[in-house]
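Keep the sequence and the 3D view side by side as you read.

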Amino acid sequence: MKGTALMILTFSGNVEAVDSGERRTISGKIAPYGEIGYTSAGKVVFAEGSISAPEPSKVKLLMSHDNSKPVGRMQNITSAKDGLYASFKVSASSRGSDAILLAQEQLMDGLSVGVEVTASKPQKDYLLVTAAVLREVSLVESPAFAGAAVQKISAQEGEMPVDAAMSQSTKVTTTNTVINTTTTETETETETETETESEAAVTTAPDNSAPEAATAAEEQAAPTIEAARKIILPSALNSQRVRTPIINMGSYTEHKIKAALGNDDSKLYVTAADDSFATNPGFNPTQYLSEFPTNTRFGTPSIDACSRGVLPANGMTINVPSLVTSAGGQSGVAPVVTVEAEAGAVQNTGMVTEYLSGTVSKYSGMNTISIELLERGYGDGNFFSELTNQLQNAYLKTLDTTVNAALVTAGTVATTAQAATSAGIIGYTSEAARLVYEATGYFASNYIANGSQWQLLLGAVDSTGRPIYTAANPMNNAGDVMAKSIRGNVLGLDLFVDKNFAATTTVDDSAIILAPEAFTVYQSPQAYMSVNVVSNLQVQVAIYGYMATIAKMPKGIIRYNFT
């Protein structure tokens, strides 16, 4: 029977229901392979790998094959040796909550699939399906396969064993099944659906009318009659509380207006909805998160733009032997080599060196902590971590501010004053590069700018309005300056944006271009120490370290000259 008919088959499998915060899922074996099941088309066996799902995300989870009652959508599907497994994300709607609760309480603990059969082979006692397309999956109250019941409820503390009585009796139904074949005989044979059902559910069904009962007795059909399908097991949610139709702001407004017009039901709904934390403040606990916003984190841009040296372990003054002539900004004298005539006298020029000195300074900070805070505060360690971070941030800020001020003091003002424009930036950079090389023999490589100069670079455009300093623009690739980073590139120089400049606008000394070799920072490792103050049971925590700076070639440091 290949390509001659389309058949929708329904049967049931195992199910697992989970309701844990955002994890609301129903999962289980939705189709066993190699097992005989009593489906809407009689005895059916699915061959291994016979069911496909071309678009799993479009397969919906329904309630009892009712297309008007979707409760979820397929998340994933897996084919194993023994069958097809799938899991579904359940809606946060009231119907979705009902579905999870009914599955957990074993009231609807079967998964039933609807498949479109595209290839099958009639066997002696059953129909072997070799190819089918999955169309939908439903949560049902009665599994069609032996042993197809809830095996585990992950939302509970322990596993919920399967009640064997829940999978013994059977019933015959004519709902939720669509059979389209080419012969009338097939339609007649597949009008009924055989599923298993709890005997307890049958005994609690309401009495049917006398004509229906008489008809069932005369026809001598299956053990339970079609009317058994009409059994409706009450939802635990519906039996415990009244459902309010107010689910969003629109429905609240609707019933607010109806209540004002005298509708009693709407008055009840609105009154319940108006109960809030304002009227019940005792049930609104204050929650404290572990987040800790701070604006003290910045780093050390000016220090990073300079060369670094190792601070000796002893002494409060350091000396560096140096030979830097007046061209570089110091008073050393270098040897001279001249061109002389044959037998001419050799010029004697003595080399004069000097010591460049740096003063070692201590940088420290302290915080006093009460013993109550240490012993009675939260024990998660967040306070100690943040205190350490804040002490370190304050320490680094002071060091960077000191270095920035020392660069301005030791540096040389650019020869030409420049305007606060794109042309001014280009003129300042090109002149500084020449001056640094001529004075030191090293190349200018770092551009330290304050926040105002950074803004100028970010907003610089050409005559057509195109940004200049952005690597993403191939037409004006003069650098790479971004609003999300204080590092970048300006006309080939590495950019360091530093908010610790004394100048806060684009004025004199709002930027520095230098060769790193012209200025060296000697810095010790930072250290911590704590002291107990016995008189008041306080603890003092301190951070400290040492630093010295030496401007080795002042004319290798060019300060911005504003016109």
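Is Glu 55 buried, partly exposed or exposed? Glu 55 is partly exposed, as its relative accessible area is 45%. For these words, buried means under 20% relative accessible area, exposed means over 50%, and partly exposed is in between (1.4 Å probe, protein chains only).

1. Ground rules. You're looking at a predicted model, where local features need pLDDT of at least 70, side-chain atom pairs count only at pLDDT 80 or more, and totals for chains, interfaces and linings use all residues. Residues are numbered from 1 along each chain as its sequence is written, and side-chain values use heavy atoms, with hydrogens and water left out.

2. Salt bridges, and back to Glu 55. The structure holds 7 salt bridges. To count, a side-chain nitrogen of Lys or Arg has to be within 4 Å of a carboxyl oxygen of Asp or Glu. Glu 55 has such a bridge with Lys 58, at 3.2 Å from N to O. Lys 58 is exposed, because its relative accessibility is 54%.

3. A bridge between distant parts of the chain. Lys 29 pairs with Asp 82 in a salt bridge, and their closest N and O atoms are 3.3 Å apart. This pair links distant parts of the chain, 53 residues apart: Lys 29 sits in strand 3 (residues 23-32), while Asp 82 is in the loop between strand 8 (66-79) and strand 9 (83-90). Helices (H or I, at least four residues) and strands (E, at least two) are DSSP runs, numbered from the N terminus. Lys 29 counts as buried because its relative accessible area is 15%, whereas Asp 82, at 35%, is partly exposed.

4. Now find helix 5 (residues 249-260), which holds both Lys 258 and Glu 254. These two are 4 residues apart, about one turn of the helix, and their side chains meet in a salt bridge of 2.8 Å, N to O. Lys 258 is partly exposed, with a relative accessible area of 33%. Glu 254 is partly exposed too, at 38% relative accessibility.

5. A nonpolar patch. Which residues form a nonpolar patch on the surface? They are Leu 373, Phe 383 and Phe 384, with about 240 Å² of accessible area together. Patches are made of residues with over 30% relative accessible area and no salt bridge; like charges are joined within 9 Å, and nonpolar side chains (Val, Leu, Ile, Met, Phe, Trp, Tyr) within 5 Å. The areas come from the Shrake-Rupley method with a 1.4 Å probe, and for residues only the protein chains shown count as cover. Leu 373 belongs to helix 8 (residues 371-376), and at 37% relative accessibility Leu 373 is partly exposed.

6. Two backbone angles to check. Most residues other than glycine have a negative phi. Gln 106 isn't a glycine, yet its phi is positive, at about 60°. You'll find Gln 106 in the loop between helix 1 (94-104) and strand 10 (110-122), and it is buried, with a relative accessibility of 12%. Leu 491 also has a positive phi, near 50°. Its place is the loop between strand 22 (487-490) and strand 23 (493-497), and Leu 491 is partly exposed at 34%.

7. Ala 272, in helix 6 (residues 264-274), counts as exposed because its relative accessibility is 55%. Ala 518 lies in the loop between strand 24 (511-514) and strand 25 (519-523). With a relative accessible area of 0%, Ala 518 is buried. Between Ala 518 and Tyr 442 there are 8.6 Å, C-alpha to C-alpha, and the pair is 76 residues apart in sequence.
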